[in-house]
Amino acid sequence: MAYWGIQLQLLIYLAAALTELPGTEPAGFFYCRIADPTVKTESRIKEEVERQIAKKLSLAGISLSDVEVLRAQGSAHAAMITKDGRPSGIYKGSMTDEEGMAQLVRFARRKAAELAQDAYAGIIDDAPAERLTYNACATCSYAGICGFDPAVKARRRLSKKGIEDLR
């Protein structure tokens with residue numbers, strides 16, 4: 001979603017941290033859920049319930065595809081390593097190499113500047129986005145007063161993009 005200017009927050013934070021801490025290299029960026037999860041289970045086994053809670057609280061984001069980095073990030077990320085000690089292809093969408101991480105940060109800086117310039121120039125299009133189950137209007141605090149009418153103008157339908165599209 002970062003490609004479309006949506007969900008840039010973590011990347012902007014990462015870019016700011018890298019600016020303030022020269023010489024550092026990112027290992028990843030993640031959303032950390034802070035909700036108090038509830039688990040529906042028939043199990044009364046404490047470890048099973050704790051495993052399910054940990055799964056709900058697991059970090060979501062992009063990590064370097066470096067095995068040492070994945071192991072250092074804990075058990076959830078260690079599962080991204082195959083038995084022969086390589087990053088698992090199953091998690092390809094959640095990992096990138098150092099160049100890919102640098103590309104993401106450069107892209108976020110460019111996109112944030114572009115969005116800021118548009119806002120400063122008064123260019124604010126009423127074109128809420130939707131992709132798969134995501135609908136910007138569903139969580140918007142201003143949906144009741146914005147006047148957007150999908151019968152008059154369609155929402156922007158976002159296609160899937162990968163790191164290779166960020167160039």
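Me: Which residue stands opposite E130 in β5?

Reply: N135 does. This is a predicted model, in which local features need pLDDT of at least 70, side-chain atom pairs count only at pLDDT 80 or more, and totals for chains, interfaces and linings use all residues. Residues are numbered from 1 along each chain as its sequence is written, and side-chain values use heavy atoms, with hydrogens and water left out.

Me: What makes β4 and β5 a pair?

Reply: Pairing requires at least two bridges found by DSSP between two strands. Strand β4 (residues 129-131) is joined to β5 by 2 bridges, and the two run antiparallel; they therefore meet the criterion.

Me: Why are β5 and β6 called edge strands?

Reply: The open sheet has the order β5-β4-β6, with mixed pairing. β5 (134-135) and β6 (156-157) each pair on one side only.

Me: How do you know that the buried residues of α1 line one face?

Reply: L10, L11, L14 and A15 are buried in α1 (under 20% relative accessible area with a 1.4 Å probe, protein chains only; exposed is over 50%, partly exposed in between). Seen down the helix axis, they fall within an arc of 140°, taken from the directions to the C-beta atoms, so they line one face. On the other side, Y13 and E20 are exposed.

Me: What covers the buried residues of α1?

Reply: The cover, by contact (heavy atoms within 4.5 Å), includes β1 (28-31) and α5.

Me: Which residues touch the most other members of the largest nonpolar core?

Reply: Of its 13 residues, these are L11, L14, F29, I62, M101 and L104. Such a core joins buried Ala, Val, Leu, Ile, Met, Phe, Trp, Tyr and Cys residues through side-chain atoms within 4.5 Å.

Notes
Helix = DSSP H or I, 4+ residues; strand = E, 2+ residues; numbered from the N terminus.
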